[in-house]
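Q: Could we go through this structure together? I should like to begin with the sheet and then turn to the helices.

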Amino acid sequence: MANRDPLARIRLLGRSGLHVVMAMGRSAHLLLHALTGRCGAGSGLHLLGKQLFAVGVLSLPIIIVSGLFIGMVLALQGYNILIDFGSEQAVGQMVALTLLRELGPVVTALLFAGRAGSALTAEIGNMKSTEQLSSLEMIGVDPLKYIIAPRLWAGFISMPLLAAIFNVVGIWGGAMVAIDWLGIYDGSYWGNMIASVDFHKDVVNGVIKSLFFAFVVTWIAVFQGYDCIPNSEGISRATTRTVVYASLAVLGLDFILTALMFGGL
Amino acid sequence: MQSRNTELMVGLFLLAGIAALVILALRISGLEVGGNDKSYTLYAHFDNTAGLTNRGKVTIAGVSVGKVKSVEFDKDTYTSKVTMLIDAGVDNLPLDTTASIVTAGLLGEKYISLIVGGDDHVLRDIDEIYDTQSSMVLEELIGKFLMNSVSSD
């Protein structure tokens with residue numbers, strides 16, 4: 001018994017390792033198959049438009065509201081700290097750099113995973129459990145091209161745009177608090193911001209970050225939906241996994257990207 | 001009708017996103033479209049460049065006319081060698097121009113301020129500014145002040 005127990009544990013480890021590798025293989029296959037080759041002729045753009053509406057437009061309210069409040073909170077907190085050093089004019093610079101470099105891409109990705117990613121997983125999982133995907137295959141339509149590809153592209157396109165909108169709204173919210181309520185001179189708010197924000201270092205790097213996050217979050221969401229166990233419990237677990245995995249991936253990836261972009265590694 | 005509304009909303013969303021990117025580029029980061037990237041190089045040796053970094057400003061009369069390209073140690077003279085890129089439009093700097101490192105505010109960033117001289121000849125590409133003034137190190141200044149107040153007692 002004592003001899004068998006460790007072996008069984010090692011086998012268990014091996015099995016879970018195999019599961020992880022197989023899932024990764026399946027997800028890579030899904031991505032490759034969905035993104036390469038031609039989309040269904042003509043109807044591709046129409047399908048993409050529908051998904052852009054579902055993924056992008058419907059995520060706008062939560063992005064705008066959170067961006068506004070996060071910008072306002074940043075300005076308020078920054079003001080309370082900076083006023084001790086007599087440099088409360090730098091609050092604009094602080095709000096802009098924090099949003100552009102970190103909070104814009106990361107918070108947008110987290111909200112996107114919760115708002116759009118979980119919906120994508122649930123929708124595709126439901127299609128799978130009601131055998132819509134199999135019936136599509138039956139009538140000769142590739143579900144990877146017809147269902148998966150437009151959703152992937154919609155995620156890739158809409159997340160950087162959502163992050164940009166988040167940043168602009170946040171900076172505007174910060175300006176509202178800093179200038180109108182806290183009485184910082186608006187020339188120094190905007191002037192410090194423009195002087196310290198660099199287009200390539202801050203704006204472009206932020207967009208690159210959100211592109212990476214868009215890729216990872218949409219991929220995870222779509223794969224979890226496509227790969228779920230087709231019953232109600234499987235769908236609910238896949239939706240949970242989407243949010244958990246996507247959030248963890250975004251936060252981990254953010255550290256790596258930050259280290260690569262802003263030095264340290 | 002439903003489909004047309006969807007298309008309209010998606011179009012508006014894409015426009016808003018692109019507009020946000022443009023605002024970030026032009027209004028927030030102050031990117032100059034097709035900016036004047038023509039510039040020429042000037043060198044200067046300083047005894048001390050503590051706090052001066054790459055991309056620091058180079059100003060005349062408080063107006064930015066270029067940027068610091070690199071700050072490196074010159075092992076022959078044991079000084080710091082600063083390479084500056086000056087906008088090509090500013091091509092009439094006299095040969096005896098002074099470069100000094102100054103601080104924005106008390107604890108702000110360091111930048112180079114050029115003080116124009118009176119020579120007839122002008123600085124050209126890869127010329128050197130010989131008249132330099134090092135950055136003010138707060139600790140040294142406090143040290144000197146303390147020494148003075150001790151010796152005057």
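A: The discussion below concerns a predicted model.

Q: In what order do the strands of the open sheet in chain B run?

A: The order is β7-β1-β4-β3-β2-β6-β5-β8 in chain B, eight strands with mixed pairing.

Q: And which strands stand at the edges?
A: In chain B these are β7 (127-129) and β8 (131-133). Each has a single partner strand, so one side of each lacks a neighbour in the sheet.

Q: By how much are neighbouring strands turned against each other?
A: On average by 30°, with direction ignored.

Q: In which sense do β1 and β4 of chain B pair?
A: Strand β1 (residues 39-46) and strand β4 (residues 79-87) of chain B are antiparallel, joined over eight bridges. S39(B), for instance, lies opposite D87(B) in β4(B).

Q: Turning to chain A, what span should helix α3 have?
A: Helix α3 (residues 60-82) of chain A has 23 residues, and at 1.5 Å a residue it should span 33 Å. Its end C-alpha atoms are 32 Å apart, which agrees.

Q: Which residues of α3(A) are buried?
A: Among them are L60(A), I63(A), G67(A), I70(A), L74(A) and Y79(A).

Q: How do α4 and α9 of chain A pack?
A: Helix α4 (residues 91-129) and helix α9 (residues 232-261) of chain A pack at about 150°, their axes 9 Å apart. That angle makes α4(A) roughly antiparallel to α9(A).

Q: Is their crossing left-handed or right-handed?
A: The crossing of α4(A) and α9(A) is right-handed. The contact includes A113(A), G117(A) and T121(A) of α4(A), and A238(A), T242(A) and A246(A) of α9(A).

Technical notes. Residues numbered from 1 in each chain as written. Chains lettered and ligands numbered in written order. Predicted model: local features only at pLDDT ≥ 70, side-chain atom pairs only at ≥ 80, totals over all residues. Pairing = 2+ DSSP bridges. Helix = DSSP H or I, 4+ residues; strand = E, 2+ residues; numbered from the N terminus. Axes fitted to C-alpha atoms, helices over the stretch in contact; angles between N-to-C directions. Expected span 1.5 Å × (residues − 1). Buried ≥ 20, exposed ≤ 12 C-beta atoms within 10 Å, placed from the backbone. Parallel < 35°, antiparallel > 145°, perpendicular 65-115°, else oblique. Left-handed = near helix turned anticlockwise from the far one by under 90°. Contact = placed C-beta atoms within 7 Å.
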